[in-house]
Amino acid sequence: MIVDPTVCSIAGESVAAGADTHFSVYHELMARKVQDILLVASAYDAYILEEDGSLASKIIHEYSGLNLSRPPRLTKVSTAAEALSAVTEKPFDLVLTMPHLGDMDSVDLCREVKTARPGTPVYLLLHDIRGPLPEAKTGASGGIDRSFAWTGDADLLLALVKNTEDRMNVDTDTKKAGVRVLLLVEDSPLYRSLLLPVIYREVVRQTQAILEEGLNEEHRLLKMRARPKILVAERFEDALSLFREYRDYVFGVLSDTRFPRRGRMCDDAGIVLLKEIKEAVPYLPMLLLSNQPENRSRAAEIPAVFVDKNSPRLVKEIHAFFLEFLGFGDFVFRNSDGKEIGRAATFQALEELLPSLPDEPVLYQALRNRFSNWFMARSEISLASKLATVHASEFSDVPEMKRYLVENIRSLRRQRQKGVVTQFLGEEFDPDITEFAKIGWGSLGGKGRGLAFLSHLLRQHSDTLCRFPSVDISIPHTLVISTDAFETFMRENDLEPGEAENCSDEEFARQFQAAALPAPLRSDLRAFLHHMPHPLSVRSSSLMEDAHFNPFTGLYKTYMLPNNHARFETRLDHLETAVKLVYASTFFTGPQRFSRSTAQQFRQDRMAVIIQRLSGGRHGDYFYPCISGVAQSHNFYPVKPALAEDGAARIVLGMGKSLEEGDSALRFCPRYPENLPQFSKLEDILENAQRSFYALPMRGYNDALYFDRGTNLEKRDVEEAAGEYPVQMLCSRYLPEEQRLRDTLSGAGHPLVTFAQVLKYDRFPLASLLSDLLVICQEGMGCPVEFEFSVSLDPAGEMDRFSILQIRPMAAGEERLDVHILPSDRENAFCFSSRCLGNGRLSHIADIVFIDPDTFDPARTPEAAVELSAANRMLNAEKRAYLLVGPGRWGSFDRWLGIPVKWEDISGVGAMVELRTAALKADPSYGSHFFQKITSRGIPYATVTEGEGADFFDWGWLRSVPEVRRGRYYRHVRLARPFVIKTDGKNAQCVMRKPTGNAEHRQM
């Protein structure tokens, strides 16, 4: 890195620009393997080869020691005839032969093998190198690719296999990922046999060392594939050709001094070669080997490191060259006297060390390209190539250069983490770098899997999302406690909830709070909390949560923690309590009841826990995001010109609990953000605008954090927070005396949350960003999706943040079924809806439960919900699905807008109708966890607006159906046989046909 501007630099810019160096590309490296080896040796030579153990065992042992997969198969034959028969029957990736064969000369055998299999590498193993060599007599045309001296060292066999694979893969791997190349020039079989294993040991040792910095086990194993390739040449012309072919990737040259040039042995061929290469790449590390000590001075002229071949320290000196000049080992800084003043073994250590170092040793290393070499040796090709093209003259001083290095190292560490689930290591955890970490080796759970996939998806589509340069698009910093910690917790505390089925939710919560988390988990949480002084959310992630079918969404607990108590132990206690309560919610009534109503009733759910940095910012004494929302890729209620596939979003000011509670939220289509039916006129805005929002108190909260009531959030009036930045940014001002609304950030008037600055004036590109993300996520998951998100706006307008909190499939039942509603269907119907969710045909429902219009009282809707829950339990016991009919929004938290049932109150429902009447004309319910249950189970959900258009409901016919039971507010009737429900999802229409005396026909 940072070379003198008067000289050329190593590694062309094309490497950084054209090579994909994120570790996903490593899957494609080393695609060609040596899988079958043929060994041809006489009985005596075979005995010599295996004198100290099985040759095959040695290879297998070496592979297992390096965590390398699929060791090659070794086929042994003792005669040339057997060898030729073997290569005729099947191809081999490598042929090794000994020189003494009884039935044929080894040179002739090699020539015959080459004739049968022209591309197969053939190596001659010599256990005695005295006398003329066969290759010297025959030349390159003799069929022997290379000769080696066999001394019983299994390292040579491994080196031959890996060197063959390097030659097979070098073209592809350099172009695909910029993999580095190390060039060895040596014509002596003896020294080739010595040097090649030594070099591979150095490379493998380095690769294993840098694997310690791997993000997870997969990353570490894949990183092994990106080790440098070693190419061997015996002649001057071959060496120069290899250098020119792979110039952009060569990061070091080791050369003998005396070897053939221009067809004859040349005493200074190595010196000429290194000088020519040095002219092309001045700071390329070079090592000159010679058995003549006087060549040391000639090496200094190049300049190159010199190693005497006769030295007893030969191996150690080569090792030192790798450490000091090729960037292997720690990065060591020394002062002018040679005294060590700093050492870094990891990227993080180097980042932390650089600012404190004196200028002189940093400049010394930079001018010699050592920074680039160090990153090259660690397979960080992109950064290494970038640093190699930066000149010292581009910086005003060394402190600026150090800042540049620190910024790039930090960027590298952050980029390596994107889209990767790393193993949590407390002492190395850096919350500013690590995006997604996990504790344990179990499952991430449903919600955790979705987040991990989403992180990967955002990394894959970073180029597309670059069109939003002022927005940081990411998932919040996430730590997942995997399911094995839950199992350990249950086992260590002897918790058997199956034996306590009659326990209340409160009793489960008390039992789990009294239990102790496993000691290793507590230690990890303590380490995590030391690094994370920000508000946190603690969420469930059960195995069955957010699945395509029977999703357990919204049934478990989520807790928000301010995480700013003066006592650290109190903060830790809050976090541990939240984790244990999420564990306890696995066995709460809601999830268990839902499980019994699905195919999962015989499976025991297991819980992972997601701990996330809370998205948002502090505003006064509260913490909250500017915007929370839910986006869906399929819009079941499109308003022209929007189409169903354009998707939909609902947004609120503050925390997303407002969406869960069914409070006022603004719904819009991302493709047409200006089309807002809820805000079509001033009266609608006054009626539908959000008046309150949820926020997390950061001061004055109870030390117990209100765990007993299940939430720490506080509901605030918008007017109360009128002076806070998010409210100012997202509100318009209503002037009652003028009956007018002004889209101003401050001034006179009452604040109304209209999101005008975002949706109308594009202060933040929410609509276009959601459109892009919905397409990316739907394509990635292969089905309609929904995701929760939050937006934090930067008051300075420099870098806003868009955080995706979770993602899940939008299962849509039988939406691929083509359904047609015929005129005869309408003629025989008791219900028709022109605004319906779902798709398909049902013919198994004969029970109808409806709110009696004669006794309906909007003030008594909670009592009606209790009655419906009792009716649901009875019908579930009879295993009878039913049609549910009632006024307003099902599941509304506002009792004046509909019946406030929870999912467990109606879990046996097979189809639903919500009636919009003159007395109660609430907007249809949309986009909550409740909605997810309905869509995932393919339940038709029809809205009937009585007295408008073609919609109708035949009350007269319904009252004629025999009654099974009734309550004060509902009636339950049962038909003699099931009726047919046909839902046309393409046209959002639904018809429910009366049973007739004739058999129903499957008219689709």
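Biologist: What should I know before I start?

Modeller: This is a predicted model, so local features need pLDDT of at least 70 and side-chain atom pairs count only at pLDDT 80 or more, while totals for chains, interfaces and linings use all residues. Residues are numbered from 1 along each chain as its sequence is written, and side-chain values use heavy atoms, with hydrogens and water left out.

Biologist: How many disulfides does a search of the whole structure find?

Modeller: A disulfide is a covalent bond between the sulfur atoms of two cysteines. Here the test is a pair of cysteine sulfur atoms within 2.5 Å. For Cys-831, the nearest cysteine sulfur is that of Cys-990, 6.2 Å away. The whole-structure count of disulfides is zero.

Biologist: Is Cys-836 buried or exposed?

Modeller: Buried means under 20% relative accessible area, exposed over 50%, and partly exposed in between, using a 1.4 Å probe and protein chains only. Cys-836 has a relative accessible area of 3%, so Cys-836 is buried.

Biologist: Why is strand β7 largely enclosed by the rest of the structure?

Modeller: Strands (E, at least two residues) and helices (H or I, at least four) are DSSP runs, numbered from the N terminus. On one side of β7, Lys-229, Leu-231 and Ala-233 are buried, and on the other so are Ile-230 and Val-232. Strand β7, residues 229–233, is largely enclosed because the buried count is five of five residues.

Biologist: Which strands stand at the edges of the five-stranded sheet?

Modeller: Two strands pair if DSSP finds at least two bridges between them. This open sheet has parallel pairing and runs in the order β7-β6-β8-β11-β12. Each edge strand has a single partner, so one side of it is left without a neighbour in the sheet; the edges are β7 and β12.

Biologist: Which residue of β7 stands opposite Leu-184?

Modeller: Strand β6 (residues 181–185) pairs with β7 in the parallel sense over five bridges. Opposite Leu-184 in that pairing stands Val-232.

Biologist: What angle does helix α7 make with β7?

Modeller: Helix α7 (residues 154–177) packs on the sheet, touching β6 and β7; contact means heavy atoms within 4.5 Å. Axes are lines fitted to C-alpha atoms, for helices over the stretch in contact, and angles run from 0 to 180 degrees between N-to-C directions. For α7 and β7 the angle is about 115°.
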